[in-house]
Amino acid sequence: MTFTIQVKEEILAASLGDKAELSALIKMSGSLGLTGQRLTLSISTENAKIARHIYALIEKSYHINPEIKYHQKTNLKKNRVYTVFVADKVSDMLADLQLADSFFGFETGIKPLIMKDDKAGQSYLRGAFLSTGTVRDPESGRYQLEIFSIYQDHAEDLANLMRKFMLDAKVIEHKNGVVTYLQKAEDIMDFLIIIGAMSSKENFEEVKVLRETRNDLNRANNAEAANIARTVNASVRTINNIVKIMETVGIDTLPAELRQVAEIRVENPDYSIQQIADSLDTQLTKSGVNHRLRKINKIADEL
């Protein structure tokens, strides 16, 4: 089960459903037709549970018994497409939901009442997500929630509705339409709360925290490995320089304070700077040891 389906199934299990939610589902997934002299409405989805949910909403809100049909898609995925078909009181239902103008291309945005009312806005966003929403699995490491719209002004209204809830929504033109999207993990989690998908929000957050913890550990391990590599390289260079001094002018030519550091370094190539400092006869800081090692390297470079 994809994360998108997980979110949608949670919404369906928890949703009481209302007309604002139904409005979004019909607006974004519906199409009108004519059968004889009657106006008909078809609402399509590839999810059988969403189809049953739409059926129940229409039945509860308008006391109409739609018909659920399905057909097999002809593409490679061959998914079933479920259609909730309404042949009765379609004009009355569209008028009540204020959707008639949307289907005839006059007003394709979201009604002002929904934009102003927070509860209606939440319901509309829930219906919009059920209709055309997707959310990337947080395990992928790229956070993205999208809702597809056919019309630019509807996508812009969706973004403005999300911004009402303090979400950083953006809009981009897409193939055959427009996408309203969220990219920040915190915004996506807040959106899931708004539409009533609390368990999905918690799952998302848990995965996010685990991924960030793993990333922090990897960065720390990489930094530690890099530090070790630098320490080893510096140690090898210094040891080679000490050997060079021993084979040319002799280690006894070094001043006493440098000679002792050189001897400890050659005899203990795996020692850290602190371990060298701890092995000296006189107390010396790590900075002091590094200073003496740089002097030894400079002497070798000048030979």
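## Pockets, rings and a helix

In the largest pocket, the lining residues divide into 5 nonpolar, 9 polar and 3 charged. Keep in mind that this is a predicted model.

**The largest pocket**

**The cavity**

- Rolling a probe the size of a water molecule over the atoms is a way to see where empty space is left.
- Searching the whole structure turns up 1 cavity of 30 Å³ or more.
- The largest cavity has a volume of about 60 Å³, and of its 12 lining residues, Lys-27, Leu-99, Gly-109, Ile-110 and Lys-111 are the closest to its centre.
- That lining divides into 5 nonpolar, 4 polar and 3 charged residues.

**Helix H8**

- Helix H8 covers residues 152-164, which makes 13 residues.
- From first C-alpha to last, H8 reaches 19 Å, close to the 18 Å expected at 1.5 Å a residue.
- Which residues of H8 are buried? They are His-154, Ala-155, Asp-157, Leu-158, Ala-159, Leu-161 and Met-162.
- Just after H8 comes Met-166, which takes a positive phi of about 65 degrees.

**Aromatic rings**

- To describe a pair of aromatic rings, you give the distance of the centres and the angle of the planes.
- The whole structure holds 4 aromatic pairs.
- One of them joins Tyr-143 and Phe-204: the ring centres are 5.5 Å apart and the planes are at 45 degrees, so the pair counts as tilted.
- Why does this pair tie together parts that are 61 residues apart in sequence? Because Tyr-143 lies in the loop between S5 and strand S6 (145-149), while Phe-204 lies in helix H10 (residues 198-248).
- Are Tyr-143 and Phe-204 buried or exposed? Both are buried.
- Phe-3 joins in too, as ring pairs link Phe-3, Tyr-143 and Phe-204 into a cluster.

**Another charge over a ring**

- Lys-69 lies over the face of Phe-85, at 4.1 Å from the ring centre.

Notes:
Residues are numbered from 1 along each chain as its sequence is written. This is a predicted model: local features need pLDDT of at least 70, side-chain atom pairs count only at pLDDT 80 or more; totals for chains, interfaces and linings use all residues. Side-chain values use heavy atoms; hydrogens and water are left out. On a 1 Å grid over the protein atoms alone, a cavity is a set of points where a 1.4 Å probe fits but cannot get out, and a pocket is an open set with protein on both sides within 12 Å along at least five of seven lines; lining residues have an atom within 4 Å of a point. Grid points are joined across faces, edges and corners, and a volume is the space filled by probe spheres set on the points. Ala, Val, Leu, Ile, Met, Phe, Trp, Tyr, Cys and Pro count as nonpolar, Asp, Glu, Lys and Arg as charged, and the others, Gly among them, as polar. Helices (H or I, at least four residues) and strands (E, at least two) are DSSP runs, numbered from the N terminus. The expected span of a helix is 1.5 Å times one less than its number of residues. Buried means under 20% relative accessible area, exposed over 50%, partly exposed in between (1.4 Å probe, protein chains only). Rings of Phe, Tyr and Trp (its six-membered ring) pair if their centres lie within 6.5 Å; planes under 30 degrees apart count as stacked, over 60 as edge-to-face and the rest as tilted. A charge sits over a ring if NZ of Lys or CZ of Arg is within 6 Å of the ring centre and within 35 degrees of the ring normal.
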